Amino acid sequence: MDRPMTVPPAEGILGVLLPGMGAVSTTFIAGVEAVRKGIGLPIGSLTQMGTIRLGKRTEGRAPAIKDFVPLASLDQLAFAGWDPIPDNAYESASRAGVLRAELVERLRPELEAIRPMPAVFDQYYVKRLNGPNVKKGANWRELADQLGDDIAAFKKRSKASRLVMVWCGSTEIFQAPSEVHQTLARFERGLDERDPAIAPSMVYAYAAIKAGVPYANGSPNFSVDTPALAQFARDCGVPVAGKDFKTGQTLLKTIIAPGLKARMIGIRGWFSTNILGNRDGEVLDDPGSFKTKEESKLSVLEHILQPSVYPALYDQLYHKVRINYYPPRGDNKEGWDNIDIFGWLGYPMQIKIDFLCRDSILAAPLVLDIALCLDLAARSGWKGIQEWMSFFFKSPMHAPGLYPEHDLFIQLMKFKNTLRFLMGEECITHLGNEYYD
Ligand SMILES: NC(=O)c1ccc[n+]([C@@H]2O[C@H](COP(=O)([O-])OP(=O)(O)OC[C@H]3O[C@@H](n4cnc5c(N)ncnc54)[C@H](O)[C@@H]3O)[C@@H](O)[C@H]2O)c1
């Protein structure tokens, strides 16, 4: 990743394309509209609320991140999406029930104007879902071309100067890496043959990259992390990031586990269970979709705790994650964690967490930050995997041969140092020797 001489300013409109117009997407769009109208604050958004220290602690320089790097402003955003369910964003937000009805009513004209484009969808990949708003085509290639047409038409219609795409669609069935995912040539043959190992989310990622549109994956689906698409992104000079928005229980895990490890506290078991009743919960009730999510949620502790480096503390760790669909809760998920820990001489202790969470309220600011950061990366000439954006994801994408960095605090340091590097400021190591000369 080279430092550009200058980062071009974020002029004109930034179009945000959203495959999937369910709870997360509509909470994001409605939130941006509410902030624009001055009836809410973008809480939870690092780019909007965060500051960044520059130079020494004695210098007192800590600008807002959005003033330090040239990000698009909320007023410059335009939205479009795809969904097999034909509800417009007002209907979808009302159905999702995340935001209070009176707020959704106040935003009705803006939300009603956003109608989903027909989706590339096949129920084979999301068993618990069905909808009529679906594209027709002989193979994946034709469908990808239709997405390309949609992308071009939206760019024209919205007068956007730049676009980004953030997948907010459902979690698809688990896909193991196979031959068709390995090279672009093989992948493109798979598009022509409608290979079943290519899922709709991969078709969106392919179409975005082909159109030069930066792409991020907010779900745990195997898509832009296939070697074929990651390489395609590099070849096309397109930044990509993923995957799976870091919210809820996993967010807490990546806050608490690094703290326990920092104090060399042992962990014998970590049992996590959730009840949730939104559409995402219904989709995850299918074992195929759950397996995709489970893989994403389980990898977190392994990488943070490094049992091979600390066998006495974490070798015996039993980690279990359950998700239960429970309609009465809607989007207001409840997540329980029971953590069996041990301290000095192995004496056991327990931690219990009961997180009464609002999933999409935690996810919406991530969509905003990811969209703005992808656009910044593109204007900076950065291409391929954007590991500095790991902060936003449960399963951060990384270069081959590296392990992913899950620790939220290391991720934050990496994020801020990347911005300092980009703007020609010194990276901060926290060494602090100079204060004691
Ligand atoms: N809510 C969170 O906190 C959170 C956290 C991490 C990840 N995620 C992931 O984000 C995604 C969205 O979550 P949500 O709560 O908004 O779910 P949701 O079910 O409310 O919305 C998903 C939407 O995607 C649509 N969809 C499915 N397949 C599609 C396709 N091929 N093309 C276009 N649209 C398609 C569905 O019809 C649905 O409207 C899910 O994959 C979820 O696992 C959510």
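Strand β3 (residues 160-167) runs parallel to strand β4 (residues 215-217), and 3 bridges join the two. Strands here are DSSP runs of E with at least two residues, helices are DSSP runs of H or I with at least four, and both are numbered from the N terminus. This is a predicted model, in which local features need pLDDT of at least 70 and side-chain atom pairs count only at pLDDT 80 or more, while totals for chains, interfaces and linings use all residues. Residues are numbered from 1 along each chain as its sequence is written.

Within this pairing, tryptophan 167 has asparagine 217 of β4 as its bridge partner. Angles run from 0 to 180 degrees between N-to-C directions, and axes are lines fitted to C-alpha atoms, for helices over the stretch in contact.

The two helices also meet each other. Two packed helices are described by the angle between their axes and the distance between the axes. For α7 (residues 140-158) and α9 (residues 200-210), the angle is about 50° and the axes are 9 Å apart. The pair is therefore oblique, the class left once angles under 35 degrees are counted as roughly parallel, over 145 as roughly antiparallel and 65 to 115 as roughly perpendicular. The crossing is right-handed, that is, the near helix is turned clockwise from the far one by less than a right angle. On the α7 side the contact involves Trp140, Leu143, Ala144, Leu147, Gly148 and Ile151, which meet Val203, Tyr204, Tyr206, Ala207 and Lys210 in α9; residues are in contact if their C-beta atoms, placed from the backbone, lie within 7 Å. By class, the contact holds 9 nonpolar residues, 1 polar and 1 charged. Here Ala, Val, Leu, Ile, Met, Phe, Trp, Tyr, Cys and Pro count as nonpolar, Asp, Glu, Lys and Arg as charged, and the others, Gly among them, as polar.

A second open sheet has 4 strands in the order β7-β6-β8-β9, with mixed pairing. Its edges are β7 (318-325) and β9 (348-356); each has a single partner strand, so one side of each is left without a neighbour in the sheet. Neighbouring strands are turned by 10° against each other on average, direction ignored. Strand β8 (residues 334-342) is antiparallel to β9, joined by 9 bridges, and glycine 335 has phenylalanine 355 in β9 as its bridge partner. Helix α13 (residues 287-305) packs on this sheet, where it touches β6 (266-276) and β7 and makes about 150° with the direction of β7.

At the level of the whole chain, an automatic or database assignment gives domain 1 (13-245 + 361-422) and domain 2 (249-356). Their centres, taken over C-alpha atoms, are 25 Å apart. Contacts link 26 residues of domain 1 with 27 residues of domain 2; the domain 1 side comprises 13 nonpolar, 7 polar and 6 charged residues.

Two backbone details complete the description. Glycine 242 and lysine 243 are joined by a cis peptide bond with omega of about -10°, and lysine 243 is in the loop between β5 (239-242) and α11 (248-262). Arginine 194, although not a glycine, has a positive phi of about 50°; this residue is in the loop between α8 (184-193) and α9.

Technical notes
Contact = placed C-beta atoms within 7 Å. Pairing = 2+ DSSP bridges.
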